[in-house]
Amino acid sequence: MAIETVRIERDSLGEVEVPAEALYGAQTARAVRNFPISGLRPHPDLIVATAQVKLAAARVNHRAGRLTDEQARAIEQAAQEIIDGLWHEHFVVDPYQAGAGTSHNMNTNEVIANRANEILGGRRGEYKPVHPNDHVNLGQSSNDVIPTAGRLALLRATPKLIEAFRQLADAFCQKAHEFGNLTKTGRTHLQDAVPIRLGDEFTGYGAALRRAADRIAEARLALTEINLGATALGTGINAFPGYRAQVAEELSRITGFPLRPARNTFEITQSHADFAHLSGAIRNAALEVIRIASDIRLLGSGPRAGLGEIILPPVQPGSSIMPGKVNPSIAEMVNMVAFQVVGYDHAVSLGVLSGQLDLNVWTPLIVYNLLWATDILTNALDVFRTRCVEGIQANEKRLAELAHGSIALATILTPRIGYLRAAEIAKKAWETGKTVREVVVEEGVLSPEEADEILDPVKMALPQDPDANQC
């Protein structure tokens, strides 16, 4: 007897072939055919979050008498199985899909309905006694389900990113402690500047990363306001009075997040500014990462023809043609990831500003880009910390050589001999290849003992207010 590989289902457009073993149904099958775009699947956090929405809705509708005991029990079990990690392979709609996420919503409705009917002894594709639209989607619309699920998914995902930033900040602060007494040449405009301690540079990196984490944490809080219960446009059509508050409370219990109903359902349905706010915070954090990783590459450049003030852990050979070459591979990877995150933010921005009239239909793009940005940046920061920053060493000989030879040491002479005379000494040091100390002693500006005392880069690098610059 031949095994059937497909089953025939019907929707409002007619008959559709569905893989026989699929938990999804007709509308999902149409979406798979319509959107063969990236080969990507929904993000796992979005799958779980959408199932959490369905679980909360089923419980509230059951308490209101809109679902039978049997229907509610089966829907709840099916949704919980998805939350626990089962059946994710049946979520198959490409992230680049029809606007508003209707296809992902129906994918979820169909999987839960088919699984619920199996639990009750039925077969896939029959939709009795649980129907995807009539029961799993009861009192809901894609226009409130998908924005809510997107918020939940990001509330789930972003703590890992925040923690990755804080751990990387800790790693830089630990290095700052190790390098606290090592003086180096400061640089502004990529030119020699007055001395600074290597440890103080690293405290700046640590503090910037902590602030970046704080900005993401602050932006994340706006996502706790949800429009579930707004249904299609914000009016709450097909829900019931009190549903919004009840479902937010139930969803809070399920997720552990302090969710609250939207103060204005029309605003949250129309506007995705909260997503843009979070995306901006992640983008700004990525900008800091780009700057810091680029500095690490510069400080470690060489080993002989560059700055060479720090030594990066050698993680892999750097060239297929030049033996012995070792590149700053981890920092390069981090920059590539951070560049991509900035690109994702631009896509999010376009999606947010393109909302029209009563709905922003670009939610799938916005949420997918934010989740993917969160994932890759989290992973990159962890690798940056463990494979690079924690293993950085200071090249003490090179630091001292450059610090004592810098013509910017002439800056300390300005209060004593004036700016123009100090500039003449700096120019002569540069033109002759001598140190500032050698020039001032030769010209009788300072005695050798005074020069040693005044032109000591170690003393010059001490911050005036060290307590204000803790990591």
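Select helix 6 (residues 142-178) and helix 10 (residues 273-299); helices are DSSP runs of H or I with at least four residues, strands are E runs of at least two, and both are numbered from the N terminus. In this predicted model, P147, G150, R151, L154, T158, L161, F165 and F172 of helix 6 meet D274, F275, L278, I282, A285, V289, I292 and I296 of helix 10 (contact: heavy atoms within 4.5 Å). By class, this contact has 12 nonpolar, 2 polar and 2 charged residues (Ala, Val, Leu, Ile, Met, Phe, Trp, Tyr, Cys and Pro count as nonpolar, Asp, Glu, Lys and Arg as charged, the others, Gly among them, as polar). The axes lie 12 Å apart at about 25 degrees (lines fitted to C-alpha atoms over the stretch in contact, with angles from 0 to 180 degrees between N-to-C directions). Helix 6 and helix 10 are therefore roughly parallel (under 35 degrees; over 145 is roughly antiparallel).

Next, select strand 3 (residues 183-188) and strand 4 (residues 191-197), which run antiparallel and are joined by 6 bridges (pairing needs at least two DSSP bridges). K184 stands opposite I196 in strand 4. In the hairpin, with 2 residues between the strands, H189 has a positive phi near 60 degrees.

Residues are numbered from 1 along each chain as its sequence is written. Local features need pLDDT of at least 70, side-chain atom pairs count only at pLDDT 80 or more, totals for chains, interfaces and linings use all residues, and side-chain values use heavy atoms, leaving out hydrogens and water.

Terms used
Angles under 35 degrees count as roughly parallel, over 145 as roughly antiparallel, 65 to 115 as roughly perpendicular and the rest as oblique.
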